[in-house]
Amino acid sequence: RRRLRDITTRGTANPKLFDAINAITAHTMVRLAADESQDIVVRVNAMVLLGDLIAADRKAWPGSVEPLAKAAGDAKLPLAIRVAAMAGLVVQVNDGRSSEPAFAKTVGPVVTSIITQPPAGDPRAVAWLISRCFDLAPSVETTPAVIEAASKILADSKADLDLRIRAAIA
């Protein structure tokens, strides 16, 4: 994935070129990840590649925030794809993209939705997904529903320990 990403932008520092190549790649990866006829490994890797896209400044490409957020919040997608999308959003935060105005507006509702209405599926994957949402919570507007959900997780002595810690931090 990274080699594919690096080959497409090799030899340029032109931000417009990065944006154009990334936009084409993102469009293709979103379609591939949503294609139920594809193997799950292909679909997950398509989402991971979307999260791996970089801008000319060598940081996470801001254009991937919206499709990553949409995929992370899409209850119709398999949990593995949603987890891959959330990992891409975490990279955005780690690269400082969460301070951009569109980030909170785009990602906030997804974070709130996942925390307050956790998806069904593998308990470890669900706990990981919710944990990452708690990691993103300081970057988006936290609602009373998120605070209430965090309180319930903290009060649940049987909840995943890492999840409880991240809920407390958030």
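## The largest pocket

On a 1 Å grid over the protein atoms alone, a pocket is an open set of points where a 1.4 Å probe fits, with protein on both sides within 12 Å along at least five of seven lines, and its lining residues have an atom within 4 Å of a point. This is a predicted model, in which local features need pLDDT of at least 70 and side-chain atom pairs count only at pLDDT 80 or more, while totals for chains, interfaces and linings use all residues. Residues are numbered from 1 along each chain as its sequence is written, and side-chain values use heavy atoms, with hydrogens and water left out.

The largest pocket holds about 260 Å³ of space, and of the 14 residues that line it, Val30, Ala34, Lys70, Asp74 and Leu77 lie nearest its centre. Helix 2 (15-34), helix 3 and helix 4 (65-72) each give two or more residues to this lining, with helix 4 providing the largest share, four residues.

## Helix 3

Helix 3, a DSSP run (H or I, at least four residues), covers residues 40-52 and reaches 18 Å from its first C-alpha to its last. Its N-terminal end is capped by Asp39, a side-chain oxygen of which lies 2.9 Å from the backbone nitrogen of Val41.

## Gln92

Gln92 belongs to helix 5 (residues 79-94) and is buried, with a relative accessible area of 0%. Leaving aside neighbours within four places in sequence, Gln92 is in contact (heavy atoms within 4.5 Å) with residues including Trp61, Ser64 and Phe103.

Notes
The expected span of a helix is 1.5 Å times one less than its number of residues. A polar contact is a pair of N or O atoms within 3.5 Å; within protein, one must be able to donate a hydrogen and the other to accept it, and residues adjacent in sequence count only if both atoms are side-chain atoms. Buried means under 20% relative accessible area, exposed over 50%, partly exposed in between (1.4 Å probe, protein chains only). Grid points are joined across faces, edges and corners, and a volume is the space filled by probe spheres set on the points.
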